[in-house]
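Please walk through the model below from its overall make-up to its individual contacts. The terms are given with their cut-offs as they come up.

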Amino acid sequence: MRSFFQEFEKDDDGSIIRCKMHDIVHDVAQYLSKNECCMIEVKDFREESMNALCEKARQLRLIVTGRDTFPISICNFKKLRSLLIEFDDVGSKLIGKVIPKLFDELMCLKALGIRGNYRTSIEHIPKEIGKLIHLRYFDLSNNEKLIKLPETLCELYNLQTLNLDWCRNLEELPQGIGKLINLRHLMNRYTDSLSGDYGGKTCSLEFLNNSVHIESLWIKGLKNLAKVTDEIVQLKNNKNIRDLGLGFSGSYSMNNDDEAILEAFQPPPNLQVLTIQRYRGPTMSTLRRMTSLTNLRSITLLECQECVHLPPLGKLPSLETLSINRMFSVREVGNEFLGVESGEASSSLSSIIYFPNLKTLWFVGLLEWKVWDFGNEDDTCTIMPSLRSLKIEYCSKLKGLPKQLLHRMAPLQNLEIEECSILEEFYSKGNGDKWQDISHIPDIDITGTYTREHAKK
């Protein structure tokens, strides 16, 4: 039997982000859900016809434009459980006036989305939000004019997901956010103004001790910590966190404590996805102890610009995806990346498989990276035996790829090289000195300045 959904598109972590539905399946789904789901564009709104159509609706998508008035009769749709509001710049002013009324009347909502976009945003959330006690999902993403959230938000005890992504001017979280005992996903990527006043009177990391159900968490502004706090250490006790981001963004200082914070960090035991951003220490060797994380499948290191060596990650047993982006100080990658201990006997290396389950490896923007060498290719140790996709972009000084990853028995299926002028020249199809090293790989994509100029000749 064929799937209802087809042509799945996945991100680098292997999560499905987009798919297609066959037209016939789509038509059947629409027919079956016509009394429960509807979409209204306000410009086409007719009170008399829409009331009959949507009086039983449980899911509603409402599109408000500045040319129209807000259909206040939606407040009568008492059976609504899911409401998604979209708007333009003028439409946001219409919404701002009626949101308190919506919150007063639609108190059975379980999912609510009031998402902004690149050109418009709501400016505040009224205190009436506290009346939606059944709310489980609340999406406020992309509202760049939103500065603060009301304390009444903390009365939504059933809330499981709060999405604040791209609320760039949001300055603080409510002081009582620790009351959200069922919160599983707190999404606050690119909330650049959110400092939290850690240890102060607004929102501190102490709420992590109360929010034991959180599964997805980003902690921003770690550079602003005056000292290493117990809350960072206590993350190790939260067995439900699966996705964790640590952002060290903040004003740069040569006397920063990034190394001390990372040293104190003890990851949650069931962690699956880890992102570290803008860490300013020269090394990340303390990540070596993460080998006990048997569920860790994805790591992203982003803009760790002062690191001169990649962290020792080769002994992570379940790591499948590794992305390293804009680590400008790295010049060489060798055995330290595998996690080989200094003074480790060569005889013991033969029994170790480094990166045993790594499937996707992605390097982007390592501008000073010149050498990638794991030593003698005749060594008996095994390196990345499951690697299927290798992507290298904007690494213009890199001179070659390790032969341990390119031999004909290796499982590598996809090699992408973009804007890496030296690699492009060496591995150019048919003409490059090292083309024979990669010619057996089924899917090769090499693009950039060199290949474009070469194609003209």
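A residue is called buried when its relative accessible area is under 20%, exposed when it is over 50%, and partly exposed in between, with a 1.4 Å probe and protein chains only. This is a predicted model, in which local features need pLDDT of at least 70 and side-chain atom pairs count only at pLDDT 80 or more, while totals for chains, interfaces and linings use all residues. Residues are numbered from 1 along each chain as its sequence is written, and side-chain values use heavy atoms, with hydrogens and water left out.

Of the 457 residues in the chain, 45% are buried. The chain's accessible surface comes to about 22,900 Å², by the Shrake-Rupley method with a 1.4 Å probe, where for residues only the protein chains shown count as cover. Carbon and sulfur atoms account for 48% of that surface. The secondary structure consists of 11 helices and 22 strands; these are DSSP runs numbered from the N terminus, helices being H or I with at least four residues and strands E with at least two. Contact means heavy atoms within 4.5 Å. Among contacts between residues at least 6 apart in sequence, 66% join residues at least 24 apart.

Begin with a patch on the surface. Phe 4, Phe 5, Phe 8 and Met 21 form a nonpolar patch with about 390 Å² of accessible area together. Patches are made of residues with over 30% relative accessible area and no salt bridge; like charges are joined within 9 Å, and nonpolar side chains (Val, Leu, Ile, Met, Phe, Trp, Tyr) within 5 Å.

The salt bridges come next. A salt bridge is a side-chain nitrogen of Lys or Arg within 4 Å of a carboxyl oxygen of Asp or Glu, and the whole structure contains 14 of them. One of them joins Arg 61 to Glu 86, at 3.1 Å from N to O. Because Arg 61 lies in strand E4 (residues 59-64) and Glu 86 in strand E5 (residues 82-87), this pair ties together parts 25 residues apart in sequence. Arg 61 is partly exposed at 34% relative accessible area, and Glu 86 is partly exposed at 22%.

Another salt bridge is formed by the side chains of Asp 104 and Lys 131, at 2.2 Å from N to O. Here helix H3 (residues 89-105) holds Asp 104, and the loop between strand E6 (111-114) and strand E7 (137-139) holds Lys 131, 27 residues apart. Asp 104 has a relative accessible area of 29% and is partly exposed; Lys 131 is partly exposed too, with 38%.

Arg 289 and Glu 263 also meet in a salt bridge, at 3.9 Å from N to O. Arg 289 sits in the loop between strand E12 (273-277) and strand E13 (298-302) and Glu 263 in helix H6 (residues 258-264), so parts 26 residues apart in sequence are tied together. Separately, Lys 78, Lys 101 and Glu 105 are linked in a network of salt bridges.

Which residues form the aromatic cluster? Phe 363, Trp 369, Trp 372 and Phe 374 form one. Rings of Phe, Tyr and Trp (its six-membered ring) pair if their centres lie within 6.5 Å; planes under 30 degrees apart count as stacked, over 60 as edge-to-face and the rest as tilted. By this rule there are six aromatic pairs. One of them, Phe 363 with Trp 369, is tilted, at 4.7 Å centre to centre and 50° between the planes. Trp 369 and Trp 372 have ring centres 5.3 Å apart and planes at 45°, so this pair is tilted. Phe 363 is buried at 0% relative accessibility, and Trp 369 is buried at 0%.

Glu 332 is placed in strand E15 (residues 332-333). The C-alpha atoms of Glu 332 and Lys 370 are separated by 6.1 Å, though these residues are 38 apart along the chain.

The last stop is a set of paired strands, where two strands pair if DSSP finds at least two bridges between them. Strand E20 (residues 389-393) and strand E21 (residues 414-418) pair in the parallel sense over five bridges, with Lys 391 opposite Glu 416 in E21. E21 also pairs in the parallel sense with strand E22 (residues 443-447), over five bridges. There, Leu 415 has Ile 444 in E22 as its bridge partner.
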